[in-house]
Every structure is written in structure tokens, then in C-alpha cells.
Amino acid sequence: MDDNRIDRRRFVAGALATGAAAALPSSAQARAKHHAKAKKPTKRIRKRTADVVVVGAGFAGLTAARRVMQAGRSVIVLEARDRVGGRALNHDLGGGQVSETGATFVGPTQDRMLALIQEMGASTFPTFDDGQNVYVAQGQRQTYSDTGPTGTAPPDPLVLPELTEVVAQLDQMSTTVPVDAPWQASSAGDWDGQTLETWIKANSTSQRFQALVPMATRPIFGAEPRELSLLFVLFYIAASGDEKNPGTFERNFDTRAGAQQDRIVGGSQIVALKMAQDLGRRVVLASPVRRIAQGAGRVRVDSDRYTVHAKHAIVAIPPTLAGRIDYSPILPAERDQLMQRLGQGSLTKVAAVYPTPFWREQGLNGTAVSTDGLVSATFDDSPPSGKPGVLFGFVGGDSARAYNAMSPSDGRDAVLGEFATLFGDQAKSPTAYFDTRWTGEQWTRGCPVAIAGPGTLLAYGPWIRRPIDRIHWAGTETSTYWNGYMDGAVRSGERAAQEVLDAL
Amino acid sequence: MRRALAAAAALAALAALAPAASAAGQRPRWDTRVLALVPPPGFPARAYVAPNGRIYEGTYENPAGDSVPSRVLEYSGDGTLLRSWTVEGQDLSQGHGVQVATSDALGRLVLLDKAPARAILLDTRTGAQSTYATFADIPDLLGNTPEPDYGVWGPDGSLYVSDYQQGVIWRVPPGGGAAQVWLDDPLLKGGMFGTAGLVLEPDLRTLLIAQGSESGGTGGGDPTTGRLLRAQIQPDGKPGPVTQLWESRPADAPDGIALARSGRVYVALVGPTNQIAVLNPDGSEAERFPQTPFTGDNGSSVPFDSVSSVMFLGTRLIVAQQSYELGDAAHQAILDVEAGEEGVPEYIPPNAGLRPGEQVVKAARAKSRKRAKAKHRRHHRRHHARRHRHR
């Protein structure tokens with residue numbers, strides 16, 4: 001709870017510092033502040049009506065709401081937090097600079113997010129990628145260029161043959177997985193009956209290679225290979241593209257020509273803030289939705305501050321949160337089972353701030369992969385100006401669980417020690433250090449995405465987007481392409497809005 | 001000399017008919033782009049452009065066989081995948097696939113299914129599917145089975161459906177049910193390459209039919225060439241005599257057809273020539289794209305490979321291709337080909353697809369909605385009055 005309050009203050013401070021506060025709907029912000037300061041939550045529940053009510057003001061919900069608004073229909077967005085952006089959250093660095101504690105990157109084929117960035121008058125800049133990557137395995141450190149055939153993946157000669165073969169095999173298998181219905185892949189039964197770990201062990205012999213695999217799954221899924229259905233992983237690869245470009249593991253994992261290629265000037269949350277500004281009073285903050293009732297051709301959504309009567313509802317939050325809402329009548333068992341099974345990944349983002357990105361002077365680009373320790377991957381997260389220098393690391397899966405069990409100071413020391421192994425002793429002396437433990441966030445419960453273990457997609461996958469009468473589902477987890485990414489969220493919002501507009 | 005003059009005059013006339021040179025910023029005619037690669041099970045055969053501007057694509061038969069049901073994918077006009085639906089009740093032990101033939105008065109999609117041979121109404125709002133029509137197996141010596149391929153609405157709400165294997169045109173009565181053979185003519189007996197594309201001409205009584213080949217016919221025609229044929233729906237509902245508008249070149253296998261407002265006819269050639277043929281209103285061939293047959297080189301990253309259907313979306317031709325022979329998933333795509341001219345809008349009669357009583361239901365729904373709105377307004381008035389009193 002304390003963490004939440006700190007985050008809230010940090011956010012407001014950051015927003016003020018960066019001018020982002022101006023982007024928030026002033027009335028909504030004022031209401032949110034008032035609500036946050038109130039000693040007791042107000043008992044007065046006000047009523048509103050609209051054509052469409054949207055639950056959640058992340059990219060999916062905001063996108064859906066804007067599309068509904070643009071079509072001339074009335075819409076209200078109910079957001080549990082006192083901010084918008086969902087898993088996209090800026091962190092104020094001072095001096096008008098920000099870092100992202102959540103969603104950060106955009107890349108090629110993420111067409112919908114790129115279009116939205118343009119539409120909202122924001123812009124992108126390249127992730128710093130000049131110089132060598134760092135790779136640490138079993139105490140040995142080496143540097144390499146990501147312009148080679150393995151891209152961001154390390155060209156470790158001891159694992160290279162298996163790495164190349166396994167990635168090629170996974171890419172090939174993913175081409176048979178339909179992004180809109182992975183449960184209908186011809187081998188879906190076989191692949192959803194095993195984990196990625198099972199498959200890797202059956203298709204590789206090198207323990208060094210097998211130890212490298214979690215370095216990919218932790219940042220990508222916030223999970224260990226044993227937690228992931230092979231079918232789900234193949235779907236995720238297939239989804240790492242668009243309608244014109246089949247997905248590949250490389251496009252997902254790489255920085256150069258991959259999903260980490262670019263960043264958003266002003267931080268990714270700036271886009272959500274601009275969208276909220278566009279929606280104005282239609283966005284209601286600090287108003288968690290508790291109940292959704294359908295009947296008599298309408299839907300009633302009860303939240304802490306408003307009861308909204310609408311013709312349709314779009315639920316644009318992670319499945320595990322959607323499952324915590326009380327529905328009347330009760331949802332079909334299959335939909336409910338799906339929400340019970342799609343838990344969020346375990347991912348903590350750690351970041352250290354330095355006066356300058358000192359690693360660049362050493363010819364390093366800040367990107368690293370390490371099998372040793374808590375941090376499996378790092379990136380240079382410095383602002384476009386390069387000042388201050390920011391390094392962030394992904395701590396996912398078992399490492400996130402271990403890190404979260406540590407005291408804050410122990411965790412900080414451990415991470416900075418690993419940063420020092422990767423980039424030198426200078427990394428031990430940051431001017432600031434912060435982490436975001438997404439699993440502890442009440443209104444997210446984990447990052448970066450909901451993950452499916454064996455059996456889930458085959459049994460319940462068809463319910464992921466299926467509307468339940470007047471309730472429609474959005475959120476990056478419902479996306480066909482770039483599931484788990486900002487682009488997927490935007491796509492899902494556009495699709496859900498279209499569904500609703502068709503029905504109105 | 002007279003022949004030369006006539007040819008020159010014809011060329012001049014053709015030039016006058018040809019679409020205006022593209023203005024600045026517009027795409028040049030025949031500019032081809034990939035709209036979307038169709039995900040597995042692939043083999044897209046017919047891209048249907050609905051009146052709402054969205055594109056619906058059914059996955060068709062995989063000649064190598066598969067055991068997954070067909071799906072219908074919904075794309076926006078710019079090629080963004082929106083939704084998809086799995087076809088229910090298919091016989092997966094048989095070669096199976098669906099083509100989205102048209103949509104009905106309520107916006108439901110009409111799917112033509114191969115196994116079993118039926119027409120399905122798919123409500124995209126609810127995902128509900130229901131059988132609208134069935135197509136019988138007509139006993140013949142070749143053992144061909146029904147394969148409903150393309151469908152168009154007649155002015156009275158009848159659905160006319162071509163049968164690729166059995167070489168007939170079916171008529172489904174308004175409201176659906178068992179289809180009856182409407183047109184059975186020797187010119188439709190194509191053997192392997194049968195009766196395919198079907199459109200209703202702007203006079204709303206002439207059906208234009210694409211015939212893949214005439215190998216089983218009795219007209220003594222070249223079995224390697226296909227035809228565009230015409231048959232009129234006569235006032236008594238029966239077909240008039242079949243006439244020929246155009247004969248294709250060998251190995252063309254004409255498939256889908258699209259009508260331009262100019263009167264020109266665009267024909268997808270699913271055969272190895274891999275082209276789109278453009279015909280003048282009089283049936284003479286005006287143009288082909290690409291000019292060179294067999295290469296499929298259209299300038300995009302996906303060459304023509306079994307060009308199955310063409311349909312207008314604005315000035316663009318939306319083209320589906322199966323890569324039927326090669327089975328190359330990278331070629332199973334919906335392509336966007338700039339035509340530089342607009343198509344004739346599809347005719348969907350007001351009772352299209354409506355079963356007896358469905359209009360009544362629709363009217364009842366409208367009445368119920370009206371009542372609910374009135375109730376809502378009353379509620380609001382009371383609510384505002386209360387608020388006013390409190391102040």
C-alpha cells in the first residue's frame with residue numbers, strides 16, 4: 001500500500017515536472033487528487049449514462065474510447081488508478097526527463113501503436129544501439145555486436161548451433177499457428193500438452209543452451225520456460241509481426257529491426273496522457289469497477305465513484321483483473337475458467353540513473369544478456385539527450401520472485417553488483433535507483449502479459465475475445481498481433497470499439 | 001485499310017473508355033500491394049468486400065488435406081485483422097472450405113461451405129451460425145459432388161449459387177431452404193474446372209457467369225479455355241438462353257468477376273497464366289495484368305499465384321489467391337490492386353436472407369427499442385426533476 005502511495009506521488013510530481021500534468025484532464029485530475037486525499041472514500045455514487053462504458057484506461061481502453069467518441073457515440077472510461085496508461089508509466093528523472101517503469105519500446109510491424117503515436121502528435125527515437133552488447137554466462141563476460149546473425153541473442157560458440165537450430169525450428173512451427181485461433185493449429189493438441197521447457201529439453205542437449213532459454217522467457221513473459229505452454233510460446237512468436245509480415249522470434253527479441261528498436265519521446269505514458277486529454281471528462285479516475293450487470297438490453301457498471309448505465313461495456317483490463325469483477329448474470333463457465341487461468345507474468349523492472357551513460361564511452365550500447373544473477377537483460381533507457389544515463393534491467397520469473405523476497409537495500413545492492421559485472425564498477429554508484437514490482441501493483445498484478453500454461457488455450461482460448469452479450473473484451477491479451485505489447489493493446493481497443501459500433 | 005481504320009477507331013474508343021490517368025498522389029493503375037497474408041489454414045479463395053467496407057475472407061480447401069475447421073477472417077479496408085470465426089459443423093474427413101459469397105439484408109455473411117454443401121448465415125455481431133440452404137448431390141457419371149462456389153442475390157431475394165463441380169446454377173428460394181437447379185446447360189459442364197464467378201449485372205436480371213473450362217460441353221469448344229457466359233432471369237423466374245460474352249485463352253481458368261462502373265469486366269484467372277483480364281463491355285479483351293502470363297509478377301512482394309477472386313473496394317481491386325497448386329503459405333494472401341476506377345455496388349435486396357417472420361421479429365425489436373428509449377427518456381425527465389427539486 002505504501003508503495004502505491006509513493007508511486008502516486010512520484011507520478012504526479014513527474015507529470016508536473018514534464019508538463020504532462022497539462023495533458024491530464026484537469027477536472028479528472030482534481031477529482032483524483034481529492035479522492036486520494038479524502039480520509040474516507042465517498043459514499044455517494046453518482047449515476048451517468050453513455051452508449052459505451054469502458055473499464056480500464058490503459059492503451060486498450062483509451063483507444064476503444066477514442067474510437068467510440070470519434071464515431072459520435074457517448075463513452076465513459078472508468079479507471080481504478082488515479083492515473084491513465086495501465087502498464088505504461090513514466091518515472092520522473094528531474095530536469096524534464098523521464099524514464100519508463102513499464103512498457104517502453106516500439107518496433108517495426110507495430111503499425112497500430114506507431115500510427116497512434118503519430119495521431120497523438122508524439123514521436124519516437126531510436127533505442128541507443130551503437131556499440132557492443134555484453135554477454136555474461138557462468139562467470140565469463142564477453143562483448144558482441146548485434147549486427148551479427150544472432151541479433152540480440154549472444155553468439156556464444158558453445159550454444160550457437162543449438163540456438164540457431166532451435167530458433168529456426170520455433171519460427172517454422174509458429175508459421176502453422178493462426179494468430180487469431182492458435183488452438184486450431186494442426187498440432188495444437190500436442191503443443192498445448194507440453195511446456196516450452198519440456199520441448200527444449202527434448203530438442204537440445206547443451207545445458208549451457210538450456211540455461212540461456214530463461215534469459216529470453218523472463219523479460220518476454222516474466223516467466224520460466226516450465227510455466228509456458230509451448231503452443232502459447234509459438235503463438236507469441238507468430239504474433240510478433242503483422243498482417244503482412246509473419247512473426248519471428250528475432251523480431252520479438254531483437255533491438256535492431258526488432259520490438260526494442262525505438263522509444264517514445266517523453267516516455268510511453270505520454271501517449272496515454274494525450275489520449276486522456278482528448279477524452280476529457282469522459283475519463284473517470286480512481287474509480288475501480290466492482291460489478292457489471294446485464295439485462296433488459298443494457299449494461300450497468302458499478303464503480304467506486306459512478307454507476308454507469310450503457311448499451312455496451314468494453315472490459316479493457318488484464319484477464320486476471322477482469323475475473324475479479326462480479327458479473328450478473330454469472331459469465332459462462334468457459335470465460336470464467338479462462339480468466340482463472342491467465343495469470344500475469346512476474347516481472348520487476350529495475351533501473352539505475354547515472355550522470356551520463358558511461359558505458360557508451362566504453363563502446364557498449366547498454367544491452368546485455370546474463371545467465372548469472374537476477375537481471376537477465378538490460379537496456380540503455382537514457383532520454384534522447386543522453387543525460388542522465390539510465391540503465392534498466394528485467395528481473396523476471398524465478399529471479400523476480402527471489403528479488404521481491406529481498407529487502408529493498410539487498411535487492412538494490414544485488415542488482416547494482418550485476419550491473420557492475422556487465423558495465424564496470426561505475427555502475428555501483430548511481431545517483432538514483434528505482435524498481436517497479438508489477439506483481440505487487442493492485443491494478444495490474446504482474447507484467448508484462450498474461451501467460452498461458454499447458455491446456456489453457458486449447459480448452460478456453462476461443463473465449464478470449466468472444467463477447468458475452470453486451471460485454472466486450474479488450475486488452476493486449478486479446479490481441480492477435482503483438483499480444484503483450486502496446487501495439488496489441490491498441491489493436492484490441494480498435495477491434496473492440498468496432499464490435500460495439502457495429503452493434504449499436 | 002478499312003480494317004486498319006476500324007482498328008484505330010476501336011483503339012481511340014478504348015482510350016476514351018480507359019480510366020483517367022492517375023492524379024498526383026494517387027496510386028497508378030495496377031499498383032499492387034499486399035493487404036494481408038492469410039493465417040493458417042490459409043488457402044483463401046474469395047475475398048468478399050461487404051457494404052460496410054470490411055473484407056471477409058474464408059479459408060478454403062487445402063488440397064493436401066487437413067483436419068482443422070475453416071475460418072472466416074474479418075479485415076478492415078486497410079488490411080488490419082479485426083475478428084475471426086470458426087465454421088461449425090463441417091465434415092473434416094472431407095475436403096472442406098468456405099467462401100464468403102455475400103451478405104444479407106441484416107449484414108450477416110453468407111458462407112458457402114463445401115462439406116457439407118450448404119449456405120450458412122454468420123451473424124458477425126453474435127457469432128451465431130445457421131444453415132440457410134443446402135445443395136444436393138446430382139447423380140452423374142463422373143461422380144462429382146456439390147461444391148457451391150459463388151453466390152449473388154436476385155431481385156426477389158433468391159440466392160443464385162454456382163456449383164463448381166456439378167456445373168449448374170442453383171437457386172435458393174427467398175428465405176432459404178433446399179436449393180433447386182435453376183440453370184443446367186451444356187456450356188456449364190467444365191469437368192474439373194467448373195462454374196465459378198457469378199455477378200448480377202446492373203440491369204438486375206442478367207447473371208454473368210465465369211466458366212473455368214468447357215471440357216465436358218457439347219458445343220465443341222476448346223477444353224483448355226474458359227468462358228464468360230450470360231443468362232437472364234426472366235420475368236417468370238426461369239433462365240433465358242445462355243450466351244457467351246468472352247472466351248479466355250488456354251489455361252486461364254476464369255474464376256471471380258468484378259464489374260466496373262465503366263462497364264468493363266475484371267476477371268481473376270486462377271489458372272497458371274496468373275493474370276487479371278479486363279474485358280470491354282462488348283466482351284473484347286482490353287487488357288491483362290501483368291502483361292506477361294505465367295510469371296505472376298505484379299510488382300509486390302507476393303506474386304500472383306492462383307488468382308481466385310476480384311472485388312472492388314473504391315477504386316481498388318481486392319484479390320484473393322490460394323496458391324492452390326504450390327500450397328505456398330507465403331503466397332496465400334489478399335492483395336490490393338489499384339484499378340483506377342470504381343466498381344458497381346453489390347445489389348442486396350431488402351429481404352435478402354430473411355426467413356419468413358424475421359422481418360416481423362426485426363420490427364418487434366425496433367418497437368421494443370423505441371419503448372425502451374421512451375422509458376429511458378421518462379426516467380431521465382424524472383431524475384432531472386428530482387435533482388431540480390433538491391436544489
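How many helices and strands does the secondary structure of chain B come to? The count is 2 helices and 25 strands. The structure is a predicted model, with an ipTM of 0.85 and a pTM of 0.87.

**Chain B as a whole**

- Chain B has 391 residues, and buried residues make up 48% of them.
- Among the contacts in chain B with a separation of 6 or more, 51% are between residues 24 or more positions apart.

**Confidence in chain B**

- The mean pLDDT of chain B is 87, and 83% of the residues in this chain reach 70 or more.
- Residues 1-24 of chain B have a pLDDT below 50.
- Beyond near neighbours in sequence, that stretch of chain B has 11 contacts in the model.
- Where pLDDT is low, predicted coordinates should not be read in detail.

**Where chain B touches chain A**

- Chain A puts 19 residues into the contact, and chain B puts in 22 residues.
- On the chain B side, β1 (32-37), β4 (71-75) and β5 (81-86) each supply at least two residues.
- The element that gives the most to this side of chain B is β5(B), with 5 residues.
- By class, the residues on the side of chain B that touches chain A are 11 nonpolar, 7 polar and 4 charged.

**Helix α4 of chain A and its surroundings**

- Helix α4(A) spans residues 111-119, and its buried residues are A:D111, A:R112, A:M113, A:L116 and A:I117.
- Those buried residues pack against helices α3 (59-70), α11 (269-279) and α18 (486-503) of chain A, and also against strands β5 (105-106), β6 (124-126) and β9 (262-264) of chain A.
- After α4(A) comes A:G121, which has a positive phi, near 75°.

**The packing of α4(A) on α18(A)**

- The axes of α4(A) and α18(A) are 7 Å apart, and the two helices pack at an angle of about 85°.
- Because angles of 65 to 115 degrees count as roughly perpendicular, α4(A) is roughly perpendicular to α18(A).
- From α4(A), the contact uses A:R112, A:M113 and A:L116.
- From α18(A), the contact uses A:M486, A:D487, A:V490, A:R491 and A:E494.
- Sorted by class, the contact between α4(A) and α18(A) has 4 nonpolar and 4 charged residues, and no polar ones.

How values were computed
Residues are numbered from 1 along each chain as its sequence is written. Chains are lettered from A and ligands numbered from 1 in the order in which they are written. This is a predicted model: local features need pLDDT of at least 70, side-chain atom pairs count only at pLDDT 80 or more; totals for chains, interfaces and linings use all residues. Two residues are in contact if their C-beta atoms, placed from the backbone, lie within 7 Å. Helices (H or I, at least four residues) and strands (E, at least two) are DSSP runs, numbered from the N terminus. Ala, Val, Leu, Ile, Met, Phe, Trp, Tyr, Cys and Pro count as nonpolar, Asp, Glu, Lys and Arg as charged, and the others, Gly among them, as polar. pLDDT is the predictor's confidence in each residue, from 0 to 100. A residue is buried if 20 or more other C-beta atoms lie within 10 Å of its own, exposed if 12 or fewer, and partly exposed in between; C-beta atoms are placed from the backbone. Axes are lines fitted to C-alpha atoms, for helices over the stretch in contact, and angles run from 0 to 180 degrees between N-to-C directions. Angles under 35 degrees count as roughly parallel, over 145 as roughly antiparallel, 65 to 115 as roughly perpendicular and the rest as oblique.
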